[in-house]
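The sequence and the coordinates are shown first, and the discussion follows.

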Amino acid sequence: DKRKMAGTPAMRNIVSQVLVMRGNQIILGRWRSGELAGRKTALLGLVERGEDPIEASCRIARDLASIDLQPSKLVRKAILTMESTYPGQEGEEGFEEIYDEHEMVYDVGLDESIEPQDTESMEPRWVEIDRIPYSEMPQDDEFWYPPVIEGKSLRGGFTFEGENIVKKHVWEVPRILDDIYEDAVDGDLAKLKIEDLKYVGDCIGLKIPGVSWRRAAPPRGVKADVIRALKDWDTRHQKWRDQWFHGVSN
């Protein structure tokens, strides 16, 4: 029940939604009870106060679909702030709620056999990604599911009046050095193509005097200057990234 997942801004609750994917399929479940009864989502649940979001995501997957996930394979791909206003009825006061929803992705490996089972709360099934029934899901899902499924990292939020979106602001978090090291031979940025370095520089708005991106193969010294500038920027923004994706807790 998303209303029960709400918290005050000062002590905001965290909700985790786990997108378990296998090739071109994803696990979605129809809720049997609660505010979302009859609607579909991925594996969605409240992160208990003091609980690690990754561990909570594994627990939620067990509780809702009777599946066991490997914590090391869960990747946080988005953090979205949800704000809702519910009008009062018959003279009663309305209320507001706000919580952060962490969107987790789990890619099922070839060596894993994961088959969701019905539980007391949900009827989970494998669904083709190109047949995700957004009309049967919360309105925000159709805006962030596609980019997250494509592998993008997002930040932002949605404002609701009742169940309807009245404002949304979602943006892609640019790739950072921690991410592109995976593409570098032996972890050496100097072995990356200049186009890869340019992409990162463009994403973060990095300007380096004297460097022209029009050159197909910049001189060795220019490439070194670019790498040095990227590393300096990366160091300055480490805390900023950590607050968004790494080690976030409630």
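Val105 lies in strand β6, which spans residues 95-107. The model is predicted, and every value below is computed from it.

**Surroundings of Val105**

With a relative accessibility of 8%, Val105 counts as buried, because the cut-off for that class is under 20% relative accessible area. Which residues does Val105 touch, leaving aside those up to four places away in sequence? The contacts are Leu19, Met21, Lys73, Leu74, Val75, Lys77 and Val148. Val105 and Ser57 are separated by 48 residues in sequence, and their C-alpha atoms lie 9.9 Å apart in space.

Two of these contacts lead on to other elements. Met21 stands opposite Ile26 in strand β2, and Val148 is one of the buried residues of helix α2.

Strand β2 covers residues 25-31; six of its seven residues are buried, so the strand is largely enclosed by the rest of the structure.

| Partner of β2 | Residues of partner | Bridges | Sense |
|---|---|---|---|
| β1 | 13-22 | two | antiparallel |
| β7 | 122-128 | seven | antiparallel |
| β3 | 40-41 | two | antiparallel |

Individual residue pairs locate these pairings along the strand. Strands β1 and β2 form a hairpin with two residues between them. Within that turn, Gly23 has a positive phi of about 60°.

Arg22 lies over the face of Trp126, at 4.0 Å from the ring centre.

**Helix α2**

Helix α2 comprises residues 141-149, and its buried residues are Asp141, Trp144, Tyr145, Pro147 and Val148. An α-helix has 3.6 residues a turn, so residues three or four places apart point the same way. Just after α2, Gly151 adopts a positive phi of about 105°.

**Aromatic pairs**

How many aromatic pairs does the rule count? The count comes to four aromatic pairs. One of them joins Tyr134 and Tyr145 in an edge-to-face arrangement, with 6.1 Å from centre to centre and 90° between the planes. This pair links distant parts of the chain: Tyr134 belongs to the loop between β7 and α2, whereas Tyr145 sits in helix α2, eleven residues apart. Tyr134 is partly exposed, with a relative accessible area of 25%. Tyr145, by contrast, is buried, with a relative accessible area of 0%.

Why is the pair of Phe158 and Phe160 classed as tilted? The ring centres are 6.4 Å apart and the planes meet at 40°, so the pair is tilted, because planes under 30 degrees apart count as stacked and those over 60 as edge-to-face. Phe158 counts as buried at 1% relative accessibility, and Phe160 counts as buried at 8%.

Ring pairs also link Tyr134, Trp144 and Tyr145 into a cluster.

Conventions
Residues numbered from 1 in each chain as written. Predicted model: local features only at pLDDT ≥ 70, side-chain atom pairs only at ≥ 80, totals over all residues. Heavy atoms only, no water. Buried < 20%, exposed > 50% of the residue type's maximum accessible area, 1.4 Å probe, protein only. Helix = DSSP H or I, 4+ residues; strand = E, 2+ residues; numbered from the N terminus. Pairing = 2+ DSSP bridges. Phe/Tyr/Trp six-rings, centres within 6.5 Å; stacked < 30°, edge-to-face > 60°. Lys NZ or Arg CZ within 6 Å of the ring centre and 35° of its normal. Contact = heavy atoms within 4.5 Å.
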